[in-house]
Amino acid sequence: MWRGLSALAARAARVPGPGPPPTLPRGPPRLRAVPRLDVCSPTPRRRCGGDAGSRAPGSTIFALSSGRGRCAVAVIRTSGPASGLALRSLTAPREPPPARSASLRLLRHPRSGEPLDRALVLWFPGPRSFTGEDCVELHVHGGPAVVSGVLQALGSVPGLRPAEAGEFTRRAFAHGKLSLTEVEGLADLIHAETEAQRRQALRQLDGELGQLCQGWAKTLTKALAHVEAYIDFAEDDNLEEGVLEQVDRDVRTLKAALDSHLRDARRGERLRSGAHVVVAGPPNAGKSSLVNLLSRKPLSIVSPEPGTTRDVLETPVDLAGFPVLLSDTAGLREGVGAVEQEGVRRARQRLEQADIILGVLDASDLTSPSSRSFLDTVVAPLVAQSPNRVAQRFLLLLNKSDLLPASTPAGDSAPAGLPHLLLSCRTGAGLDGLLQALKAELTAVCGDPRTDPPLLTRARHQHHLQSCRDALSHYQPSADLALAAEALRLARRHLSHLTGGGGTAEVLDLIFQDFCVGK
Amino acid sequence: MFLLRDCGRRAAASLGRRLPLRRLGSDSAAPCGARFDVVVIGGGHAGTEAAAAAARCGSRTLLLTHRVDTIGQMSCNPSFGGIGKGHLMREVDALDGLCSRICDQSGIHYKVLNRRKGPAVWGLRAQIDRKLYKQNMQKEVLNTPLLMVQEGAVEDLVLTEPEPGYPGKCRVRGVVLDGSTIYAESVILTTGTFLRGMMVIGLEMHPAGRLGDQPAIGLAQTLEKLGFVVGRLKTGTPPRLAKESINFSILNKQTPDNPSIPFSFLSETVWIKPEDQLPCYLTHTNPRVDEIVLENLHLNSHVKETTRGPRYCPSIESKVLRFPNRVHQVWLEPEGTDSDLIYPQGLSVTLPAELQEKMITCIRGLEKAKMVQPGYGVQYDYLDPRQMSPSLETHLVQRLFFAGQINGTTGYEEAAAQGVIAGINASLRVSGKPPFVVSRTEGYIGVLIDDLTTLGTSEPYRMFTSRVEFRLSLRPDNADSRLTFRAHKDAGCVSPQRYERASWMKSSLEEGISVLKSIELSSSKWKKLIPQVSISVNRSLPVSALDVLKCEEVDMDLLATAVPEPLQKYTADRELARRLKIEAAYESVLMFQLQEIKEVQQDEALQLPQDLDYLTIRDVSLSQEVREKLHLSRPQTIGAASRIPGVTPAAIVNLLRFVKTTQQRQAAVMEHQTN
């Protein structure tokens, strides 16, 4: 469930990074010296001090605002009251730059001090900025390692968190920086971003990391449900003995698991980058031939037998200058053996996650049941998407054009007037046309700053996992249980950013499932 | 049951009390065709609070009830409060409602639950003497200025053309009693389980809202004809046992708190000393109880029904079915100082009466127990609460308000909370003032009403602290500072005495906290003054008294012995001393929650136009699914809209854009007019 506009913006940003976060202190107070930032702008205008921007309530967000295609320079933006702090943290020990003028600075990771990149930095104190809040722009070198490093560095600054879909624009709107006409497209943009994030999330939940997160979320939700049950019912009803002890054990296990995950950086990096292009179609349409043709290597086994490809085979390729993860899938058909059925299931799953789908049909066999079924169940819903709500892009390819009688005009083979490309993987006819069309689609997908780049996704993951871990360290059931529960609530909120869910209903359901409560 | 044929007969007369009738306008002296500002139908926990609140706001109010002698009746459990529910009572009290003060005059066993779990989740609770509560409540209601009480059964509503500029297809103008009409500017319906109420024992079913009372059928039909969406729920109550037939000597005894903590901010103490209070006893079910339940399921139509019952207050049958082979608690609760009855909490049952007796006698301590009245189930209609705005006014009928169990809630406290809000808003509506809405960030009442009006409910809704996002801020101790000032300013429903007390407390707390912050000593100095304090002496920065107060083992008394000047004066008022300690404990966390609260409030401040027709409006691009959801719930703010499941971020932005455009257009029109 989506929480309010501004509420949503700040939901997860409560725990500012590692170190002793000021949330949930207990016992003796922890005094934290707020870093006073002395100079930022040489002009008498407002300085980018730690609390100088505090007039604007709300969290500070960051995002990669250039596209995720190959580019020489990547632009990373922040917006919110802690922008100044972020800039100071990354550019220390040098003086921060004057407002609204580009300066060259060495960016360092605020905690390790490790140099990240030499970048052009710009400081826009609010309200004269894109969003109306304090903003920072970092123009860094476009390599994935640099971008990833800077994003993670920003995530480690207290008060900063990755932006939600459309959040920059929404903030600009909220501060009166966009006219209503400019906002016309905002809903579509948020829709596209939400969709892109959803697909990105699906990809991850599919993998090992996703399964880990789901498992953690499940444990955490159960732990929270049991603490909540203990608060709401323990005195009036007889909850079983040892409820809190079990929660204690679960939280300890969870902390250990998160710790080892966060320590092992490699595991967090297992995100596949590049636009996801999935080749799909009925059996024996020539999907594997197409994949081999595009990747210029014999990746998939090709045979005239239907059902040759049974698993999803993926390969990173460079298409028209864009990084692409190309997936070959099993032909979609029903009623075959168990192994092939599993292949079909995986194929459908992969389709869900695709940025671009290449639907392949046998041009000489368009009326067969399997071709028709593919047209009805896969192609029709994709084509039916309204064009301005770009969810997934789709190209229909009619392969084996060499088998068509020479006399048949190309248009005749088109199923129900759908736009399509004719192709022969065997002769290579039509390949140029396909590459051109693919390039256009890839430009749209990769050059579009709206889609969530995997690098940012990685930073987001890191941020929420770390914040979840930090919140858990404040779970101390021995003292005030309401405070302890708050720590679990916060931890769960962070995790639910990665896994979805997170509502109260879920907790109540678990309570009533696990306990016999009531008078 | 008796209906009063001579309409307008003042029930007060039968009780020998004088009603402040002289305060009413001359037209109300004529009983038939009388006119009131607010008419409240139903004298239960929602109805009494609603009527009293409307009167406090200055509306001439009439409370209509089947029988005056059932006003203030506790028809189910003989207790008030509990975890979450105690919070609601504190908030009702902060709005100057009745139930907390009445409970402080009628309790017989006061006990705060969750004592060891942190003050944010303390649950004020008490066993209440049914007879005393009823007496005290009737005394209060019958002596409330501007409030009149009359017996009668409402058959129908008087409806007219809608007022322009407000949503709704018609407007309520009054109510039709048996043969007469009473006119009203606002009407509040608080009929509880009486809408097509059906009592069930074993396989027997007969129409009744509560044992011995007739259900309201005509009214149910009227509401259905108007197009209200009606659902069905069920609940139940345990049998009552004869006190002298129970062998308490072999059971666990629970004694009340000493000292008793009162419910009301206005009560320094409760009416009864701890040593004069009555104990409760605990016993348990056993496998034999399970057997009897399982062997006789075929004789139990209530359990077989598909109607949704509560998951947390289940009958013994559903406990046995859902959690077999377990022992369940049964609390034996007193019903009053001079009552011969015991209420076995946890034993709600709808078996045929003779089987109930059989089941009871196989429980430890109850071997010879005599059943005075069997347990029974109630099935009843409720109105989908999404048909109301957060002021509890219905979308369909202008100036018609619903409160209490009719909205799908369960519990006295939930009913009382809605009653106060409905009463205040019915009155504000008459005087044309904006509605009084408590937000989720301000109180449990806000969470309750927001949940109901935006999400609806499919089972009887009960308050839990786990439903509350800002649980650490919305505590029982600070309900007055959260609500009393707003209620004073925006609704005018708070007595001067309460307002003064709340103001004094607020300024004393603020002063106390700033004094505590200003006292700074080194950690070693603190350690010397208060040896038991757990502060690391290695800390280099000075530590404030507020920080020391945060330690679990330190309270204001201890701190004041260490630093008598200037802290001594903050220990004289016990409540102030306790509250300073609580404020200190949560201070740092709350600073962070405050930001989140502000953000939620920003969204709550973005009002959606009231008369928006989501199904047809063309200026906003919304999917059909989202349109239907918005149409059903009619959220009042962008914040509420975003909480409706299925309303997408894109839809919210489109709504936001629409709101801003409308505002701009209105501003332009205003400017044009002033030029």
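**Figure 1. P566(B) lies in helix 18 of chain B.** Helix 18 covers residues 564–567. The model shown here is predicted. A cis peptide bond links E565(B) to P566(B). Its omega is about 10°. Most peptide bonds are trans.

Figure 2. P93(A) sits in a loop. That loop runs between helix 2 (83–91) and strand 3 (103–108) of chain A.

**Figure 3. D96(B) has a positive phi.** The angle is about 70°, although D96(B) is not a glycine. Most residues other than glycine have a negative phi. Where is D96(B) found? D96(B) belongs to the loop between helix 3 (85–94) and helix 4 of chain B. Is D96(B) buried or exposed? Its relative accessible area is 3%, under the 20% cut-off, so D96(B) counts as buried.

**Figure 4. Helix 4 of chain B is mostly covered.** The helix spans residues 99–106. How many of its eight residues are buried? Seven of them are. The buried residues are C99(B), S100(B), R101(B), I102(B), C103(B), D104(B) and S106(B). An α-helix has 3.6 residues a turn, so residues three or four places apart point the same way.

**Figure 5. R634(B) also has a positive phi.** The value is about 45°, and R634(B) is not a glycine. R634(B) lies in a loop of chain B. R634(B) has a relative accessible area of 11% and is buried.

**Figure 6. Three strands of chain B form an open sheet.** What is the order of the strands? The order is 3-5-4, and the pairing is antiparallel. Strand 3 (79–81) and strand 4 (107–113) stand at the edges. Each has a single partner strand, so one side of each is left without a neighbour in the sheet. From one strand to the next, the twist averages 20°. Strands of a sheet pair through backbone hydrogen bonds.

**Figure 7. Strand 4 of chain B pairs with strand 5 of chain B.** Strand 5 covers residues 123–128. How many bridges join strand 4 to strand 5? Six bridges do, and the two strands run antiparallel. L113(B) stands opposite G123(B) of strand 5.

**Figure 8. C468(A) is in no disulfide.** A disulfide is a covalent bond between the sulfur atoms of two cysteines. Over all chains, a search of the whole structure finds zero disulfides. For C468(A), the nearest cysteine sulfur is that of C213(A), 9.0 Å away. The distance is not within the 2.5 Å cut-off for a disulfide. C468(A) has 0% relative accessibility and counts as buried.

**Figure 9. C280(B) is in no disulfide either.** Which cysteine sulfur is nearest? That of C103(B) is, at 14 Å. C103(B) is one of the buried residues of helix 4 of chain B. C280(B) is buried too, with a relative accessible area of 2%.

**Figure 10. Chain A has 16 helices and 12 strands.** Of its 519 residues, 57% count as buried. Chain A exposes about 20700 Å². Carbon and sulfur atoms supply 54% of that area. Among contacts in chain A with a separation of 6 or more, 68% join residues 24 or more positions apart.

Notes:
Residues numbered from 1 in each chain as written. Chains lettered and ligands numbered in written order. Predicted model: local features only at pLDDT ≥ 70, side-chain atom pairs only at ≥ 80, totals over all residues. Heavy atoms only, no water. Helix = DSSP H or I, 4+ residues; strand = E, 2+ residues; numbered from the N terminus. Buried < 20%, exposed > 50% of the residue type's maximum accessible area, 1.4 Å probe, protein only. Contact = heavy atoms within 4.5 Å. Areas by Shrake-Rupley, 256 points an atom, 1.4 Å probe, with all protein chains shown as cover. Pairing = 2+ DSSP bridges. Axes fitted to C-alpha atoms, helices over the stretch in contact; angles between N-to-C directions.
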